[in-house]
Structures are given as structure tokens and as C-alpha cells.
Number of protein chains: 2
Amino acid sequence: MPTYTPPLDDIRFLLTHVLDANQLSRFPGYEDATTDLMLSVAEEGGRLCAEVIAPLNQIGDAEGCTYDDGKVRTPSGFKAAYDAYCKAGWAAMIAPVEFGGQGLPQLVGTVIDEMLCSANLSFSMYPLLAHGATTAIEKWGDDELKRRYLPRLIDGSWCGTMCLTEPQAGTDLGIIRTRAVPAGDGSYAITGTKIFISAGEHDLTENIIHLVLARLPDAPAGTKGISLFIVPKFLTDEGGKIGKRNGVRCNSIEHKMGIKGNATCVMSFDNAIGWLVGEPHKGMRGMFTMMNAARVSVGMQGLGLAEVAYQNALSYSKDRLQGRAMTGATNPSGDADPIIVHPDVRRMLMTMKAYIEGMRALAYWVGILIDVETRHTDAGARAEAADLVALMTPVIKAFCTDTGFDITNIALQCYGGHGYIREYGMEQFVRDARIAQIYEGTNGVQAMDLLGRKIPDDNGRLARRFAAIVQRDLEAAAKIGTVAPLVAPVADAMSRLQRTTAALLARAAKNPDEIGAAAVDYLHMFGLASIGWMWIRMAVAASALADDDAALRDDKLATARFYVSKLLPQVRALEAQIDAGSDVVMAAALT
Amino acid sequence: MPTYTPPLDDIRFLLTHVLDANQLSRFPGYEDATTDLMLSVAEEGGRLCAEVIAPLNQIGDAEGCTYDDGKVRTPSGFKAAYDAYCKAGWAAMIAPVEFGGQGLPQLVGTVIDEMLCSANLSFSMYPLLAHGATTAIEKWGDDELKRRYLPRLIDGSWCGTMCLTEPQAGTDLGIIRTRAVPAGDGSYAITGTKIFISAGEHDLTENIIHLVLARLPDAPAGTKGISLFIVPKFLTDEGGKIGKRNGVRCNSIEHKMGIKGNATCVMSFDNAIGWLVGEPHKGMRGMFTMMNAARVSVGMQGLGLAEVAYQNALSYSKDRLQGRAMTGATNPSGDADPIIVHPDVRRMLMTMKAYIEGMRALAYWVGILIDVETRHTDAGARAEAADLVALMTPVIKAFCTDTGFDITNIALQCYGGHGYIREYGMEQFVRDARIAQIYEGTNGVQAMDLLGRKIPDDNGRLARRFAAIVQRDLEAAAKIGTVAPLVAPVADAMSRLQRTTAALLARAAKNPDEIGAAAVDYLHMFGLASIGWMWIRMAVAASALADDDAALRDDKLATARFYVSKLLPQVRALEAQIDAGSDVVMAAALT
């Protein structure tokens, strides 16, 4: 059975030495959120994840959710763990204080997200969806909706969903058919079928608040005619007391590759009573409020699963005895040496480690930026952070989930045949990780968001802001002796990225297919270069550590060197692949 | 539910226009094996695969094998399909005529292997293991063993296994503990536990012939003290009649990520009666006879699953309507265009297609070489073929299974959320494909075999033979107008490979860890370049097609262009990664 240890040392290194997380305590409302406080929250959350939630992960996979006539039972132990999670205040952690939340920074949410996903991806999705609903209602709902729904979503006694997909409408939400007819009393009658609704029905909470995309009778075609509605499973009175059942029902749950502990539901709405969130026909805005928060969280799913898979592969590689080191036995009294002596096993372990620590740094940096965007006192700083968050959201989502999936597979490979056997738990990480490349917008959609929307926006303003920060950091790093040799490859990757971007946008001006043909390769190139930059920042921070921390310093510098020499070179291939253009992609008949 | 159509057009193109399969009919014993005959065998085998075996694939996954007190029941339909398979003579297809086989060339076996794996990987493994046992007994067994076991293995009434792995000994067979004690009557008493034994117990055949690695009492330590034994499940009399049960028992079956229709058994041998195959302490030779044949077949597992996954992804991409083409609606009367209009979907489809057709060409080329190695009348031709088969075996096994796994994942991605749902069948292909990177020697072991053994062998003789063939083909291709522009990138990849090889071997002379640190990257580089060469051969063949075949010609040329411009550039990254050397791999403490 796999184990999980919260990576508190790495979190501490990032918050303390790399990302200046303490800056958050200078923002209004975050006065208490010092690095020390955030680290102790992480420690406490990590304990819950490791001790209460992780032990349910394999049980959730083996039992799955069970459907019976509209009702869904979650796996054994999920309800008790969810209650413990809410009782200890974790559901309320980053929610607004005025509705009962604890008002901690988004950064803390990102840190806890990662650990929850390492512990139990299926479990983590229940609170994640409640948080998405909270965010949308907080931003777009009127006072009455906020008063009625937020406190219960925030204390965790109610859960939430995002009801977007329909059988004929997944990526293309413009063609959804669910209808919303005004009832005359301010409410609407919602009718339609939604599929792939995570946590659409379950037994963890007394109510479930569905956020549903639907069309009003006078809606224009396409995404400009979509509105967002709240549809509770149970109607409630003024005081929030549960009343009669609403016209929404789970018709079935899907049998899936993984995340079996989370119910993926077909939901049918039959004149269900709902209330409009935000303005008519402006539902996509509300949807994107949920989506953007969720996309960063989904990136953390990739990271979290990568971390737990890596931890177990590392531990297995130290224990499993097979073969002898080429340079002389390290365990001469045993039948064989631990497999960690073999260079190819070390290559796999270092690949995982270098990606994981790099992705964590990048993701936490974005977590801080989300706080800067909402809380900084300077409007210019807020605007810059907003640009960077918009730019990096698809990168975090797609790069961390693509790489996270690859890492779970590398970890499985370290186990050899045992990796393929269920009881060892490695293959569950692979199966669970696979969904994160698909939902909340497939990684192809993320790549189109990056290259088709964020990069060209305002003549490249977002990308220029990012490049300026990287440039400044690389120049400073080049002056530090231990780090200087690593700067040139990262600077080279950044300049290849910039050249490729310019060439691509020039081609795209003549042929819009250039964007789609290059987008996924481009996102990976962008992610690789960004993580290269993060490794420079980490190497700089490590170099400044005192001799007490020599082991950490050496470890970070060695891992940075591995990243720039063994992983970053992929940008050269991606550059050539992007330069090949769209004609080679579009030419074959593909009959 | 997924469908499967045997890729007969592509097989015909390869056998007829690219690989001169008709040469086999000039070898003694293969006089009937004309291309026409082989194609009609492929057509008939393909029909059985598509109509009888493929429909059992999802059933096998859903039901799995069932264990009850030493007995294993295969999924519904497997027994009837296996009987039909044997009755039609497929088990005997490439087996020697003198023991009841049909004596068809190995090439036909490779072609049928691919189709069986596309249809149902779990099913395909039962005959595969019988074939492995047949090969080992044919090569190393004495006349009595051949007479007693081969006819029944060849007609399929008995099945076989390879009992190598033990709990403490997987990759490292030198530390196996199973003992074989001479009984004085020419037989041996075998005692020990073997794990991960595919098809170790089942209900398809009346007997199961285990080929077991064990140590004799006077065995030297390590792999030089391992002997190979035949241990039948049931003892038999002179006439092959089933007698009493031998001391071998299945103790349990594993719960696995995939290949659930094939029983993976823990086998316990308790003074089981066995007979020595070959000489004492020389069992590794016999094991490698099975292994090498099996490794090419496992490569076909990667190819076969890639093919069926691609076929379904292509079909889904033509049917699923989402979004609009950037260059104008192609289905204006519908709600949306088929997703195949989107460049990123086409990128995924073309990636799959270019790899699959390239891997198929390379694998069939090796299939022919195996026939040349055994049947050519010229000793020099046989020796050259033996070298090339030895060189390419790890490449076929590892490259086709790594890439095959990636392709099943790309195919799943084309389905979006539906890919994650079991009923669509795509996620089963992913789960089934994952094992092929692990068994018959992990892909890391294959890479060590290539770079640590085959490449340096006799000062690079094997690689020089290969390079000479490629060089000759590239020079000829450069003179053909339509192909010439593709030659330069492939020649560049080959020269990067040669430079990298020389530099690597020079470093390895000083530090043996250089081999292990580079091996997996090297194997991928080798595979990418080899397939680049095959695309040149295919492009040359396509260019020579008559105008009747214009669609095929254009398709092959477009796919070749895609390969060299969008996939082959990965060699640049791999080259840099290999050049980085082993120090960066070995430096970190990895505590």
C-alpha cells in the first residue's frame, strides 16, 4: 500500500527562500498570513491528508461509488473523513470572512490542494467543486443568493457542482440545449440533461448546489446566449432549512478508468427551479470564474499525484534489491544492490523530482499572484498579476497534468511488474491522473487558450510582462558563480520561445490553422522554459543558504543541473516541430 | 464499443511495394510462401481476429479471470474462441512441419501477432506463450522432449508458460532460488515459487507445459548456474495421454491494471517432476530463445493496440461534432463541424498514423530478417540478418511498446471525456498497453541490451551493418524528386545518432554508468531514426506507384512529410540529453 508524506520541507523552501510568501501579510485582510502561519496551516492540513484522507484512497478505488435509484453512496469512510475535514474548518479556509470563511490567501489553498490530491484525488474533488460554486456565486450572485448559499457551501454542509457538459456539447458549449424558462416569480424552470457531472449526487452533504448553464427563451445562438443558474438539489427556506426536493435527479453514474471514489453523474433537470446568477446571456463569464480557479486546482491534481507516485517510487527503489551497481557492489552482503544504484532508475527518479519541484515552484508562484491580483494595494501591481495569472493558468493546468500523468507512469515503471498490480497502488495513480488532462477543458483547449488568446492579447502584453520578469531574474542569476552555468541554457530556451512565438504569430496572420497545429507543442515549450526559469530562481535561493542547509543547497543545485541538461533540451525538438507549420498537419486525407 | 478492421491495405503495401516479401518464397521450405499467399493468410486471420476474438475484448476486461482453489476460469467466450483458433490451424501456422506445423514464415506470424493484439491482447497471450515454449523445446530439447511435447503445443491442445520471475528475482534472474534435484531416473524434482506467470493456469487446454528456470544442487552462483526445465501440469504417458497431476499449483492470480482476461499467476512447485531442456547450467540460453521471439511479439502488442486505438479515434473524430473549422464551416447545416477539422485533432491523428505505419514497416522488416536468418541459402546473408535481428529486437520491443502506450493515450484524448468512460473501450487499450513496457524485460532492460551489449558488440559490427543499409537507401532516395526533400532530415538524424554513439562509447570506456544513464534516451533516438529511414523507404515505394494508386501515394508521402518534420525532430533533444552525460544523473543524494 502506498504511503504519503506531505512535502513540508520543499514547501518551506519555496515559501521562505524562493517566493517571498511573507509579502502576503502586507496586503489588507491578510495581515495574519505570515509565512510561519501558512507553514503551520500546511503542516496541519498535511497531517489530515496523510492520516485521514490518504488511507481511503485505495478503498475508494476498490469500492467506487454505488448508484441505486437516483441515490449515490460514496465509498466507506468518505463521509466520516469529509465531516472531519469540514469540522476542522478546511472547507472554509480560503473563503471570504463575511460569509464564515477564514479568509486565508489563495496560496494556502494551492498548497492544501496539492496535498489533498496526493492523498486522494477522488475525495479532493468534492470540496473542490464546492469551492468553484462558492467563487462563482461570490463574484456574480446577488446579495440574496450569497446570503442563502455561501455560508453553507463555505462550512461544507452543502456541496456544489459545475453542470456544463451535455451529450452533444462538451468543448463546444455554444451548442448546449438545456432551457431555462422564467417562472414569473424571479425563478426559472430548468430542463435538460447534463453529463460528466463530478459529484453530481452523493451522500456527503445534506444539499448539493448545482451551477447550471442553460439558455433563456430569447437567447441568441452560441456562447453569447448562455446563462448561469443556481439549482439546488433541495429547495430551502429563508433560514437555509432543507425543504422539498427540486426537479433534478441523477440518472446514472459512469464506470470510469479512475477517480472511482468520485461520482461522475448523468443529471437530468425536469422543470427544476433555479435562479439566475449574474446577467442573462452572460453565463460564460460566471462559468469562467469557476473554470479558471478550477484549472489551477486541476494543475495541482497533476502535481499532487506526481508527488505521491514519486515518493513511493523513491522508497521502492531504495528497498528493492536487483542487480549490482556497475561501479562496484553497494550492498555486498546482500543478494543484490538496491535498484537506486542503477543509472536508469536514477534517471527516472531525477526526472520526476526535477519536474515536480519545478512545477510546484511555478504553481505556488501563480498562487501568490492570484492573491496579489485581488489584494495588492497598488493597481499597477494588481493589473500585472492579473495578466500573469491569465497567461499562466492554461500552462499550469495542461503542463502539470500532462507531466503529472507521465510521472505517475515513470513511477509505475520503477516498480517493474509490481507497478502493474493493484495492491501496490501505483497503477491507480496513473488511472486517476489521466482524467486531469481531459476535464476543465482538455489540454488541447488549454493550449488554444494560451496560444490563440493569451499570447496575442493586446499585442503580446501578457507575454512581455512575463519575459521581462524572467529576463531580470536571469541577469541577476548570471552574476552568481554557482548558478551562472545554468543561466545560458535557460536564456537560450527563452530566446527560442520568443523567436518561435514571433514566427508563429506572423504565420497565423495569414493562416488561422497555424495556431491549432502548433498549440500543444507551444504550451509544452512554454512550460519547459518557465520551469527552467523557476529552477534558476531556486538555484539562486539555494546558493544563498547557510552551511547548515548544505544538503538542501546541494540537492537543489544538482536537481537544477539535471533539469537544464536532461529535460530542458526538449525545447529544441518542440521548436523544430512548431517551425514545421500547419501544412504538414493538414495535408493528409485521413480517410 | 470499439471496432477493429484489419489494416490489410497497409500490410499489402508493405509486403508488395516496400519489403519484397516475395523473396521468402525463394528460401527452402518456404516455396509456397508467396506474397499473395501470405496476404490471403493475413486476410483470413484478420477475419477471425475481427469477428471472433475482438468482440471478446471488453468482456474479458469486465469479467477478468476467476480463481477458485487452484483453478482458473477464463472469461466467457475465450474457450470457444481458442478452440476455433486452434481448429482453423492458427496455433500451428509458423510451427515446424515435422511436428505438425504449417511451416509458414515468421513474417506471417508477425503480421498475425499484430492483428491478434489489436483484437484482444489478453487472448493473444495464450497462444503467444505456447509459441515461446515451442521455440525453446524445438531449439534446445532432446528428441524425446520434442516428440512428446511439440505436437500438442503446436496443435494448441496444450499451452505453455515461461516461469522465470520469483518474488525476489525479476530483472535479476541470477538470484532465483527455485531448486531442481535429480531424481535418478533422468527426471528432476522442482521446488520453488514463481510469480507473474502469464497463463500459468487456465481452462483453455487440457495440459499446460511450464518452462521453468531453476538451480541444480551443484549450480554456480548467478546466471551461470541456472538450468531450464519442462514441468507439465499433468504428467503424460508415451502416447501423450493425460495422467496424474504434477506437483505444480496456482496459488492465486493477480489483480492488475489491465490484461484482465489473461491470468497472471503465482505458481508453486512442490517436488514437481521436470525434465532438463538443454545442458545443465545453460538455461539462460534457452530462456533467451523464448525471450527474443517473445520480445518481437511484445513489440507487436504495442503496435496492435496502437492500431486499434487509432482506428477508433479516427472514426470518432469524423463523427463527433464540436466547434467550427477556423477556415470556415465544413458542416454548415449541422450544429458544429466534425472535430477532425481542428488542427490539433489532426496533429494527434497524424502522430498516431505516422508512428504506427512506421513501426509496422520496421517490425515487418525484422520479421523478414528472422526468416532470412533461418532459411537463406547464403551463410553471409544469414549472418547479416542475425546481426540485424539481434540489434533490432530491443528496439522493436521497447520503442513499439513505449510509443504504443503513448498512442493509446493520444487516441483516448481524441475522445475527450468519453475516452475516460469504460464503455467506449479506449481506456482499456491504455491499461492493456501499459504492461508491454514492463514484461519480457522492462524497456530499461531493452535499452541496456541495445546500448550495453548490441551496439558495442565486435566493435560495432551490428550497428555498422545497419548504417550501411540505411546509407545505401538514403543515397538512392535522394535521386527521386518527390522524396529528396525528406532525405536530408533523416540523414541528419542518422549522423547525429552515429556521432552520439561514438561519443557515448568513448565516455563509457572511462565510466560504465554512462551506458545506463543514456540507454533509454539512446534507444528512443535509435528508434526514431530507424523509423525515419523506413519512411524514406515507404516514400520511395509510394512514389513509384501508378496513378491508379494516387490516393495511397499521396497519403504515404504526406505522412512521411509529417513524420520527418513533426516527430523526427525529437532526436535533437535526445542528442542533447545524452550528451549531458551521467554525472547529472548520479549527483543528487536522492535521500
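The model is predicted. Asp61(A) is buried, the second largest pocket has a volume of about 1300 Å³, and strand β3 of chain B is mostly covered.

**Asp61(A)**

- Asp61(A) is part of helix α3 of chain A, which spans residues 57-63.
- The relative accessible area of Asp61(A) is 7%, so the residue counts as buried, the limit being under 20%.
- Leaving aside residues up to four places away in sequence, Asp61(A) touches Lys260(A), Arg422(A), Gln428(A) and Arg431(A).
- With Arg431(A), the side chain of Asp61(A) makes a polar contact of 2.7 Å.

**Second largest pocket**

- The lining consists of 45 residues, and Gln106(B), His131(B), Thr135(B), Ala293(B) and Ile370(B) lie nearest the centre of the pocket.
- Two or more lining residues come from each of α4 (78-87), α5 (106-119), α6 (121-140), α7 (143-155), α8 (283-319), α9 (343-375) and α10 (379-414) of chain B.
- The most is given by α6(B), with nine residues.
- Sorted by class, the lining has 24 nonpolar, 12 polar and nine charged residues.

**Strand β3(B)**

- Strand β3 of chain B runs over residues 158-163, and six of its six residues are buried.
- In a regular strand, side chains alternate between the two faces of the sheet.
- Trp158(B), Gly160(B) and Met162(B) point one way from β3(B), while Cys159(B), Thr161(B) and Cys163(B) point the other way.
- β3(B) pairs in the parallel sense with strand β6 (residues 207-214) of chain B, over six bridges.
- Opposite Cys159(B) stands Ile208(B) in β6(B).

Methods. Residues are numbered from 1 along each chain as its sequence is written. Chains are lettered from A and ligands numbered from 1 in the order in which they are written. This is a predicted model: local features need pLDDT of at least 70, side-chain atom pairs count only at pLDDT 80 or more; totals for chains, interfaces and linings use all residues. Side-chain values use heavy atoms; hydrogens and water are left out. Helices (H or I, at least four residues) and strands (E, at least two) are DSSP runs, numbered from the N terminus. Buried means under 20% relative accessible area, exposed over 50%, partly exposed in between (1.4 Å probe, protein chains only). A polar contact is a pair of N or O atoms within 3.5 Å; within protein, one must be able to donate a hydrogen and the other to accept it, and residues adjacent in sequence count only if both atoms are side-chain atoms. Contact means heavy atoms within 4.5 Å. On a 1 Å grid over the protein atoms alone, a cavity is a set of points where a 1.4 Å probe fits but cannot get out, and a pocket is an open set with protein on both sides within 12 Å along at least five of seven lines; lining residues have an atom within 4 Å of a point. Grid points are joined across faces, edges and corners, and a volume is the space filled by probe spheres set on the points. Ala, Val, Leu, Ile, Met, Phe, Trp, Tyr, Cys and Pro count as nonpolar, Asp, Glu, Lys and Arg as charged, and the others, Gly among them, as polar. Two strands pair if DSSP finds at least two bridges between them.
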